[in-house]
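Please follow this walk through a protein fold with the sequence and the model side by side.

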Amino acid sequence: MLTTCFGEFMGTLVLVLLGDGVVANVLLKRSKAEGAGWMVITSGWAFAAMAGVFTAIAFGSSDAHINPAVTMGFAVSSGHFAKFAPYLVAQMAGAFAGAILVWLHFLPHWEETPDQALKLACFCTGPAIRKFGANLISEILGTLVLVLVVGAIFSKAVATSGPASGLGPYLVAALVWGIGLSLGGTTGYAINPARDFGPRLAHSVLPIANKGASDWSYAVVPVLGPLIGGGLAGLLLRLVIK
């Protein structure tokens, strides 16, 4: 379990380093990618997911969930919850560490960026229109699609022995890209409690220049929504896909 948790830690670290990194690249002042836009952000997060899955596998986690909502979904689907708590801790810690590395990488740019909301967005998600119910539904639906389609990709109905070796992370990356392009504009598509909570915690404790508040009043949405969505997807997988 220690080996698999280390894989989850490292995979989530890489996910957040590259995922939050692309957001910082686009939003922070005097970055050469400043203003590159939503297509770059969604593409960067897709590549981050691919890199995170490969890293998790290489460092010892054949599951490579790198997301508590995915762990929840497959726990519900299988009926086995023993991995949930240890994976959750490893994923949260990896996300926190990845966010610290983002802060270090862009160290001179925080002071150059006066907008506190932009700096927060480099760490965690926020809604385009703040409506708790609607925001929660967006996160539930986005995560349900993530876990349901990942389950379908690796189901025996699609391929008896699973995708060809090494292909899975690319398919997951394409799925994350599609979710971002199609469903991400409402809440920033956290679809991963660790991806939001770990970096939000890092934002709250790091000495980021003129950072402002960490918006903890919203944090329940990107934590609770994905867990609900993952659980619902797991239930559907258990009932329908054998």
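**Helices, core and cysteines**

At the start of helix 3 (68-78), a side-chain oxygen of N67 comes to within 2.8 Å of the backbone nitrogen of A69. Helices here are DSSP runs of H or I with at least four residues, numbered from the N terminus. The model is predicted, so that local features need pLDDT of at least 70 and side-chain atom pairs count only at pLDDT 80 or more, while totals for chains, interfaces and linings use all residues. Residues are numbered from 1 along each chain as its sequence is written, and side-chain values use heavy atoms, with hydrogens and water left out.

Helix 3 is largely enclosed by the rest of the structure, because eight of its 11 residues are buried, where buried means under 20% relative accessible area with a 1.4 Å probe and protein chains only. The buried residues of helix 3 are P68, A69, V70, T71, M72, G73, A75 and V76, and they pack against helix 4, helix 7, helix 9 and helix 10, a contact being heavy atoms within 4.5 Å. Just after helix 3, G79 adopts a positive phi of about 85 degrees.

The largest nonpolar core has 42 residues, of which W45, W110, C122, F123 and L146 touch the most other members. Such a core is a set of buried Ala, Val, Leu, Ile, Met, Phe, Trp, Tyr and Cys residues joined through side-chain atoms within 4.5 Å. Helices that each supply at least two residues of this core include helix 1 (2-27), helix 2 (38-58) and helix 10 (220-240), and helix 1 gives the largest share, seven residues. Leaving aside residues up to four places away in sequence, W45 touches L15, G19, D20, V22, V23, V176, Y189 and R195.

How many disulfides does a search of the whole structure find? It finds zero, a disulfide being a pair of cysteine sulfur atoms within 2.5 Å. C122 is in no disulfide, and the nearest cysteine sulfur, that of C124, is 9.6 Å away. C122 counts as buried because its relative accessibility is 0%, and C5 also counts as buried, at 13% relative accessibility.

Methods. Buried < 20%, exposed > 50% of the residue type's maximum accessible area, 1.4 Å probe, protein only. Polar contact = N/O pair within 3.5 Å; in protein donor to acceptor, adjacent residues only side chain to side chain.
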